[in-house]
Amino acid sequence: LYAMLANGGVYRPVKLMPTIGDESTPKRLLSPEASYAVLEMLRENPRPSWEMAASSMARIPWKTGTSYGFRDAWAMGTVGPYALGVWVGNFDGAANSNFIGRDMAGPLFFGIADALHAEGPLLESVVHQQLNLRKVRVCSLSGALPGPHCHSLKESWFIPGVSPIASCGV
């Protein structure tokens with residue numbers, strides 16, 4: 001999923017080793033606009049609070065998760081041209097109350113991301129240019145375009161011709 005988002009919405013099968021005669025065809029699963037909007041939303045997720053971020057480091061699109069019963073924790077995202085995933089858990093499935101995505105997998109994720117950035121500048125694999133995408137103000141309660149009674153507004157991504165354009169009825 002994260003590699004597909006970074007590829008502008010195009011899915012390509014994972015290859016562990018180059019294969020001669022591999023005829024796998026990339027498949028578009030999301031529009032470039034939708035994949036860019038999702039990545040931008042994931043960039044709003046800050047690093048773990050105790051992590052010191054390098055001021056020059058780009059915002060990284062990432063997400064964490066913690067399983068029910070604290071059986072494992074994970075962090076996934078994109079770092080430059082790489083899709084990066086970190087899993088923390090016991091192979092026997094035993095629970096551990098310390099297995100919290102943000103606290104355990106997040107710092108490992110950013111340790112690897114920082115090491116990748118230390119090797120040199122990392123450019124994203126797909127640069128999103130000339131997208132049919134706009135930021136618009138919407139009702140913060142409904143997510144719809146503001147109606148006459150909307151007092152709390154926020155900015156949201158809007159894909160002209162695709163996103164719903166109904167006014168808020170709340």
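This is a predicted model: local features need pLDDT of at least 70, side-chain atom pairs count only at pLDDT 80 or more; totals for chains, interfaces and linings use all residues.
Me: What is the overall make-up of the protein?
Reply: There are 3 helices and 7 strands. Along the sequence they follow the pattern α-β-β-α-β-β-β-α-β-β. Buried residues make up 32% of the 170 residues. The accessible surface comes to about 11100 Å², and 59% of that belongs to carbon and sulfur atoms.

Me: What share of the contacts with a separation of 6 or more comes from residues 24 or more positions apart?
Reply: The share is 50%.

Me: Why are S3 and S4 called paired strands?
Reply: A pair needs at least two bridges. Strand S3 (residues 62-66) and strand S4 (residues 72-79) have 5 bridges, in the antiparallel sense. So the two strands count as paired. Trp62 has Gly77 of S4 as its bridge partner. Thr66 stands opposite Ala73 in S4.

Me: How do you know that S4 and S5 pair?
Reply: The cut-off is again at least two bridges. S4 and strand S5 (residues 82-89) share 8 bridges, and the sense is antiparallel. The pairing therefore holds. Within it, Trp74 has Trp87 of S5 as its bridge partner.

Me: Which glycines take a positive phi in the two hairpins?
Reply: In the hairpin of S3 and S4, with 5 residues between the strands, Gly69 has a positive phi near 80 degrees. In the hairpin of S4 and S5, with 2 residues between the strands, Gly80 has a positive phi near 60 degrees.

Me: What is the order of strands in the open sheet, and what makes a strand an edge strand?
Reply: The sheet of 3 strands has the order S3-S4-S5, with antiparallel pairing. S3 and S5 are the edge strands, as each pairs on one side only. Neighbouring strands are turned by 10 degrees against each other on average, direction ignored.

Me: What packs on this sheet?
Reply: Helix H3 does, touching S3, S4 and S5. The direction of H3 makes about 30 degrees with that of S4.

Me: How do you know that the length of H3 fits a helix?
Reply: At 1.5 Å a residue, the 18 residues should span 26 Å. The end C-alpha atoms of H3 are 24 Å apart, which agrees. After H3 comes Gly120, with a positive phi near 145 degrees.

Me: Which residues of H3 are buried, and what covers them?
Reply: The buried residues are Gly101, Ala105, Gly106, Pro107, Phe109, Phe110 and Ala113. The cover includes S3, S4 and S5.

Me: Why is Phe109 called buried?
Reply: Buried means under 20% relative accessible area. Phe109 has 0%, so the label applies. Phe109 sits in helix H3 (residues 101-118). Beyond its neighbours within four places in sequence, Phe109 is in contact with Ile60, Trp62, Ala75, Met76, Gly77, Val79, Leu84 and Val86. Its C-alpha atom is 7.2 Å from that of Gly85, 24 residues apart along the chain.

Me: Why does Thr64 count as buried?
Reply: Its relative accessible area is 17%. That is under 20%, so Thr64 is buried. Thr64 belongs to strand S3. Not counting residues up to four places away in sequence, Thr64 touches Trp74, Ala75, Gly101 and Arg102.

Me: What makes Arg47 and Asp114 a salt bridge?
Reply: The cut-off is within 4 Å for nitrogen and oxygen. The closest N and O atoms of Arg47 and Asp114 are 2.9 Å apart, so the pair qualifies. Arg47 lies in the loop between H2 and S3 and Asp114 in helix H3, so the pair ties together parts that are 67 residues apart in sequence. Arg47 is buried at 14% relative accessible area, whereas Asp114 is partly exposed at 26%.

Me: How many salt bridges are there, and which residues form one network?
Reply: The structure holds 4 salt bridges. Glu40 pairs with Arg59 at 3.2 Å between the closest N and O atoms. Glu40 lies in helix H2 (residues 32-43) and Arg59 in the loop between H2 and S3, 19 residues apart. Arg59 also forms a salt bridge with Glu44, at 2.9 Å. Salt bridges that share partners join Glu40, Arg43, Glu44 and Arg59 into one network.

Conventions. Residues are numbered from 1 along each chain as its sequence is written. Side-chain values use heavy atoms; hydrogens and water are left out. Helices (H or I, at least four residues) and strands (E, at least two) are DSSP runs, numbered from the N terminus. Buried means under 20% relative accessible area, exposed over 50%, partly exposed in between (1.4 Å probe, protein chains only). Contact means heavy atoms within 4.5 Å. Accessible areas come from the Shrake-Rupley method with a 1.4 Å probe; for residues, only the protein chains shown count as cover. The expected span of a helix is 1.5 Å times one less than its number of residues. Axes are lines fitted to C-alpha atoms, for helices over the stretch in contact, and angles run from 0 to 180 degrees between N-to-C directions. A salt bridge is a side-chain nitrogen of Lys or Arg within 4 Å of a carboxyl oxygen of Asp or Glu.
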